[in-house]
Amino acid sequence: MKHLFTLLLFIPLFSFSQDAFEQQLDSISTSEEATSFIKENRSSKGKLFTFNKAKHKTRLANDLFNLSKGGKKVIRTDFKKTYYKVIDKAEVDYYKFNIIVIDASKSSNKEAISKRNKVLAQYHEGYRFKDLARHHSSGNTAKTKGDTGWIKAGDMSAAFDAVALNENHGINDVFTVDDIENKKYYLAIKTENRTPIEEITVLKFTEDIE
């Protein structure tokens with residue numbers, strides 16, 4: 001009986017603490033506030049995520065996209081309680097390209113440009129761009145056969161964005177980009193025009209259930 005009485009004393013305190021926590025969570029409306037919240041609650045696990053509607057197709061992602069800005073989803077297990085709060089929703093412009101990256105970091109700029117010109121000549125002779133990318137492109141684009149996937153401003157270098165995103169290129173038009181600062185020389189083909197894709201910024205916060 002004594003132990004039961006002690007337990008009953010703690011229930012209102014826990015309830016008050018939980019209410020205060022959820023009120024604090026509900027008051028968060030910006031990424032900056034979410035970051036501060038995570039730092040202030042280091043004992044629990046918190047993180048900011050970005051969900052992209054074209055890339056994330058899970059049931060959880062669909063549930064979160066159906067929430068309005070400020071909306072919250074709570075998942076409870078026997079040991080943990082996980083909160084997902086939508087901090088922001090926006091449509092972001094995305095593009096797709098096929099690219100061949102000639103890396104000049106281990107050669108001269110002149111040699112890189114000469115190699116690019118040879119690859120471009122092969123493309124005009126009828127070689128498939130994806131085959132040329134597999135054999136000549138540096139980095140991950142060799143594995144993807146030149147496909148960048150959906151990219152937005154800032155995903156590539158400023159030099160690439162200035163030409164690929166800001167200049168008027170038609171679908172399947174081939175063009176070049178000189179990224180002198182990063183010693184990379186591109187052949188590029190736009191495969192998808194500007195496409196607005198919905199993104200949400202989500203605060204995920206997990207606490208143990210005692």
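## The largest nonpolar core

Of the 13 residues in the largest nonpolar core, those that touch the most other members are Phe-97, Ile-99, Phe-160, Ala-164, Phe-175, Val-177 and Tyr-186. A nonpolar core here is a set of buried Ala, Val, Leu, Ile, Met, Phe, Trp, Tyr and Cys residues joined through side-chain atoms within 4.5 Å. Buried means under 20% relative accessible area, exposed means over 50%, and partly exposed is in between, with a 1.4 Å probe and protein chains only. Two or more residues of this core come from each of β3 (80-103), α6 (158-164), β4 (174-179) and β5 (184-208), and β3 gives the most, with four residues. In soluble globular proteins, nonpolar side chains tend to be buried together.

Leaving aside neighbours within four places in sequence, Phe-97 is in contact (heavy atoms within 4.5 Å) with Gly-146, Asp-147, Thr-148, Ile-151, Phe-160, Ala-164, Leu-165, Phe-175, Ile-189, Lys-190 and Thr-191. Another core lies apart from the largest one; it has twelve residues, among them Ile-102, Ala-104, Val-119 and Ala-133.

## About the model and the whole chain

This is a predicted model, in which local features need pLDDT of at least 70 and side-chain atom pairs count only at pLDDT 80 or more, while totals for chains, interfaces and linings use all residues. Residues are numbered from 1 along each chain as its sequence is written, and side-chain values use heavy atoms, with hydrogens and water left out.

The chain has six helices and five strands, and from the N terminus on its elements run α-α-β-α-β-β-α-α-α-β-β. Helices (H or I, at least four residues) and strands (E, at least two) are DSSP runs, numbered from the N terminus. Buried residues make up 32% of the 210 residues. Among contacts between residues at least 6 apart in sequence, 67% join residues at least 24 apart.

## Two helices side by side

Helix α4 (residues 109-125) packs with helix α5 (residues 129-136) at an angle of about 150°, and their axes are 10 Å apart. That makes α4 roughly antiparallel to α5, a label for angles over 145 degrees; under 35 would be roughly parallel, 65 to 115 roughly perpendicular and the rest oblique. Axes are lines fitted to C-alpha atoms, for helices over the stretch in contact, and angles run from 0 to 180 degrees between N-to-C directions.

From α4, Lys-115, Val-119, Gln-122 and Tyr-123 meet Phe-129, Leu-132 and His-136 in α5. By class, this contact has four nonpolar, two polar and one charged residues. Within α5, Phe-129, Asp-131, Leu-132 and Ala-133 are buried, and what covers the buried residues of α5 includes β3, α4 and β5.

Ile-28 sits in the loop between α1 (2-26) and α2 (31-40), and it counts as buried because its relative accessibility is 6%. Although Ile-28 and Leu-203 are 175 residues apart in sequence, they are 9.4 Å apart in space, C-alpha to C-alpha. Setting aside neighbours within four places in sequence, Ile-28 is in contact with Glu-33, Ala-34, Phe-37, Lys-85, Ile-87 and Leu-203.

Lys-145, in the loop between α5 and α6, has phi near 60°, a positive value in a residue other than glycine. At 35% relative accessibility, Lys-145 counts as partly exposed. Asn-172 is found in the loop between α6 and β4 and has a positive phi of about 75° although it is not a glycine. Asn-172 counts as exposed, at 53% relative accessibility.

Note on methods. Nonpolar A, V, L, I, M, F, W, Y, C, P; charged D, E, K, R; others polar.
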